[in-house]
Amino acid sequence: MEQTISKEDIIAAHERIAPFIHRTPLLHSSTIDMLCGCEVHFKCENFQKIGAFKIRGATNAILKLSEKERELGVATHSSGNHAQAVAKAARDLGIPAYIVMPRTAPPVKIAAVKGYGGIVITCEPNQLARESTLDGLVKETGATIIHPYDNYDVIAGQGSAIKEVFEDEAEFDAVFTPVGGGGLLAGTALTTHYLSPHTKVYAGEPEGADDAFRSLKAGSIQPSENPDTIADGLLTSLGQRNFPIIQEHVAAIFTVSEQEIINAMRLIYERMKIVIEPSCAVPLAALLKEKGRFEGQKVAIILTGGNVSLDKLPF
């Protein structure tokens with residue numbers, strides 16, 4: 001398959017966004033190592049600006065727009081973190097951001113988007129409603145759509161997180177991310193392929209939103225229908241641009257139950273003393289479930305975000 005994102009694209013994206021993001025730390029817990037039977041390093045994107053990795057891809061995509069495109073603003077649909085990322089990146093550049101959000105999005109995320117100056121338009125919580133509302137907005141405003149994951153500039157930007165991991169701590173056997181739309185997973189898989197080709201890439205996915213697992217098995221995109229999971233960041237279907245990259249460069253996707261997600265989330269709160277959202281806990285849940293095959297290995301997990309409603313913690 002001809003690559004659409006080169007190694008140079010990912011390096012350039014990282015340089016482009018560097019002034020607008022935090023370089024987040026890698027944290028480690030000996031207790032979690034013991035429970036997993038391997039050495040686990042956590043890339044803490046919950047400490048990132050807007051509290052999630054999404055600022056990387058959104059910033060890269062917006063910085064690549066022409067002056068004329070920027071003037072008309074940007075638009076997107078998102079259940080939360082990408083919405084905040086687009087609003088923040090747009091505010092940093094002094095341009096308008098129109099954000100379509102499902103009415104069921106966590107109130108903390110809607111408030112944050114408005115706090116960054118985003119113009120929020122709510123819709124019914126399904127893909128069709130999101131897309132039709134966004135299309136209407138774009139016709140009205142002329143804004144450029146910054147898709148949450150099905151966008152090569154977004155994918156390249158997300159790849160910068162694992163690039164930092166390889167720069168900070170060499171030689172990993174395996175890398176884990178969660179998978180929703182697949183922007184982070186595709187960016188991580190491509191960057192790993194270029195920078196550390198011997199490292200295998202895996203993803204964790206909720207059993208109640210297992211479209212990526214089913215898609216990989218079927219060899220074609222299987223839409224996410226009525227997904228039901230506490231991991232609200234992982235409800236979307238895989239993107240058309242993401243899927244071929246995932247097919248080629250991801251070793252496996254593991255599914256986990258709601259209880260396994262909650263247990264992993266609690267473990268991170270108790271042992272690492274940091275705030276993460278449920279989607280973040282999915283890869284650790286997958287590693288714990290599949291620990292037999294990673295025994296003695298060195299593993300990196302991207303903790304994707306920390307935007308959680310603290311009054312709705314599941315424990």
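Trainee: In what order do the four strands of the open sheet run?
Mentor: The order is S5-S4-S3-S6, and the pairing is parallel. Strands and helices here are DSSP runs numbered from the N terminus, with at least two residues (E) for a strand and at least four (H or I) for a helix. Two strands pair if DSSP finds at least two bridges between them.

Trainee: Which are the edge strands?
Mentor: Strand S5 (119–123) and strand S6 (144–145), each of which pairs on one side only. Before going on: this is a predicted model, where local features need pLDDT of at least 70 and side-chain atom pairs count only at pLDDT 80 or more, while totals for chains, interfaces and linings use all residues. Residues are numbered from 1 along each chain as its sequence is written, and side-chain values use heavy atoms, with hydrogens and water left out.

Trainee: Over how many bridges do S3 and S4 pair?
Mentor: Four, in the parallel sense, between strand S3 (residues 74–77) and strand S4 (residues 97–102). Val 74 stands opposite Ala 97 in S4.

Trainee: Which strands does helix H5 touch?
Mentor: Helix H5 (residues 81–93) packs on the sheet against S3 and S4, and its direction makes about 170° with that of S4. Helix H6 (residues 107–115) also packs on the sheet, touching S4 and S5, with its direction at about 170° to that of S4. Contact means heavy atoms within 4.5 Å. Axes are lines fitted to C-alpha atoms, for helices over the stretch in contact, and angles run from 0 to 180 degrees between N-to-C directions.

Trainee: New topic. At what angle do H1 and H3 pack?
Mentor: About 90°, with the axes of helix H1 (residues 7–17) and helix H3 (residues 54–63) 9 Å apart. That makes H1 roughly perpendicular to H3 (the term covers 65 to 115 degrees).

Trainee: Which residues make the contact?
Mentor: H1 supplies Ala 13, His 14, Arg 16 and Ile 17, and H3 supplies Arg 56, Thr 59, Asn 60 and Leu 63.

Trainee: Is Asn 60 buried or exposed?
Mentor: Asn 60 is buried, at a relative accessible area of 1%. Buried means under 20% (1.4 Å probe, protein chains only). Not counting residues up to four places away in sequence, Asn 60 touches Ala 13, Arg 16, Ile 17, Asp 153, Ala 156 and Gly 157. Asn 60 and Ala 156 are 96 residues apart in sequence, and their C-alpha atoms are 7.9 Å apart in space.

Trainee: OK, over to Thr 177. Where is it?
Mentor: Thr 177 is in strand S7 (residues 174–178). Thr 177 has 0% relative accessibility, so it counts as buried.

Trainee: How many of the residues of S7 are buried?
Mentor: Five of the five, so S7 is largely enclosed by the rest of the structure. Ala 174, Phe 176 and Pro 178 point one way from S7, and Val 175 and Thr 177 the other way.

Trainee: What is the bridge partner of Thr 177 in S8?
Mentor: Ala 203. S7 and strand S8 (residues 200–206) pair in the parallel sense over five bridges. Thr 177 also touches residues including Leu 184, Leu 185 and Thr 188.

Key. Parallel < 35°, antiparallel > 145°, perpendicular 65-115°, else oblique. Buried < 20%, exposed > 50% of the residue type's maximum accessible area, 1.4 Å probe, protein only.
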